[in-house]
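Biologist: I am new to this structure and would like to learn how to read it, one feature at a time. Could you take me through a helix and then a strand?

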Amino acid sequence: MLLEGKVGIVTGAGMGMGAAVARRWAREGARVIATDVDDEAGHATVEAIAAAGGDARFIPADAASEDDWRAVTAHAASELGGLHVLHNNAAIHFWFDSLNDPLERWDQMMAVNLRGVYLGCRFAIPRMIEAGGGAIVNTSSVSALHGVPLQGLYGATKAGVINLTRSLARAYGPQGVRVNAICPGTIDTPMLRTAAAEAAELNAEGDQPPSAAGGGVGPTLDGGRMGTADEIASVVTFLVSDEASYVSGVYLPVDGAMMA
Ligand SMILES: NC(=O)c1ccc[n+]([C@@H]2O[C@H](COP(=O)([O-])OP(=O)(O)OC[C@H]3O[C@@H](n4cnc5c(N)ncnc54)[C@H](O)[C@@H]3O)[C@@H](O)[C@H]2O)c1
């Protein structure tokens, strides 16, 4: 098992990719702390893990909250003996008209998608150093790698995640902490389905939305099929495992060649 003896935190573990990563980490022998703002979904994830014989607990926590991060990382140290791996997965998405939408919306997404990832790193890295080393995967997006109309905000948060990742990888590598990012393409999750439905609505209203589903930017693997949350979980698990012990500071597209 790839994560035997490790303690890990997965944010946004109630559904989508976070749920898949939490399940995979538990199968690989980790003791998992699943966090989410959706209590029902978070509980469902840990119940499914327990039913499969895994070790997980749900802690309701907002990735944008400093107090919540303090509590979750303290729990890892005091109740589970340390912290070794973290997946900063939680994020929100909405289409954003850069010239007309309220500034509060900008602040709201930045608070979760970029500041939230930063807070996770800020609180986790000292715990990982205490534990003798660790590994973090931050979730960016292909939206960080090219321009998408109505994703100036989302893409900016995700581009910020990449540079934060690279800087922290260089800063804390010497103390045994690896930090990598993934850039998922179109992955079949509740977020993607909502974004696609909202894009269709915008289309119907005559606005010029981006293509939200099915790739939309050229040929992809298998003719543009969507990826699955489990395919993301495989990559995230590899990156935090010792199999990737010399991989740090990368931002890896997991997109079926969408950005190739
Ligand atoms: N689905 C895609 O195609 C796609 C593509 C590229 C990147 N991503 C990124 O992948 C990650 C996972 O996306 P997904 O598609 O699984 O999303 P999802 O919306 O299906 O699931 C996200 C989970 O995060 C939780 N969450 C939201 N805000 C939170 C907060 N402040 N604190 C804690 N939990 C919170 C939600 O309740 C939900 O359970 C996100 O970072 C997303 O931006 C998704």
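Biologist: What span should helix α2 have, and how far apart are its end C-alpha atoms?

Modeller: The expected span of a helix is 1.5 Å times one less than its number of residues, and helices here are DSSP runs of H or I with at least four residues, strands being runs of E with at least two, numbered from the N terminus. For the 13 residues of α2 (residues 39-51) this gives 18 Å, and the end C-alpha atoms are 18 Å apart, which agrees. Please keep in mind that this is a predicted model, in which local features need pLDDT of at least 70 and side-chain atom pairs count only at pLDDT 80 or more, while totals for chains, interfaces and linings use all residues. Residues are numbered from 1 along each chain as its sequence is written, and side-chain values use heavy atoms, with hydrogens and water left out.

Biologist: Which residues of α2 are buried, and which are exposed on the other side?

Modeller: In general, an α-helix has 3.6 residues a turn, so residues three or four places apart point the same way. Buried means under 20% relative accessible area, exposed over 50%, and partly exposed in between, with a 1.4 Å probe and protein chains only. In α2 the buried residues are Ala41, Gly42, Thr45, Val46 and Ile49. Seen down the helix axis, these buried residues fall within an arc of 130 degrees (taken from the directions from the axis to the C-beta atoms), so they line one face of α2. On the other side, Glu40, Glu47 and Ala51 are exposed.

Biologist: What do the buried residues of α2 pack against?

Modeller: With contact meaning heavy atoms within 4.5 Å, they pack against α1 (16-27), β2 (31-36) and β3 (55-60).

Biologist: What follows α2 in the chain?

Modeller: Ala52 lies in the loop between α2 and β3, and at 69% relative accessibility Ala52 counts as exposed. Just after α2, Gly53 takes a positive phi of about 90 degrees.

Biologist: Turning to a strand, how many residues of β6 are buried?

Modeller: In β6 (residues 177-184), 8 of its 8 residues are buried.

Biologist: In which sense do β5 and β6 pair?

Modeller: Two strands pair if DSSP finds at least two bridges between them, and β5 (residues 134-139) and β6 pair in the parallel sense over 6 bridges.
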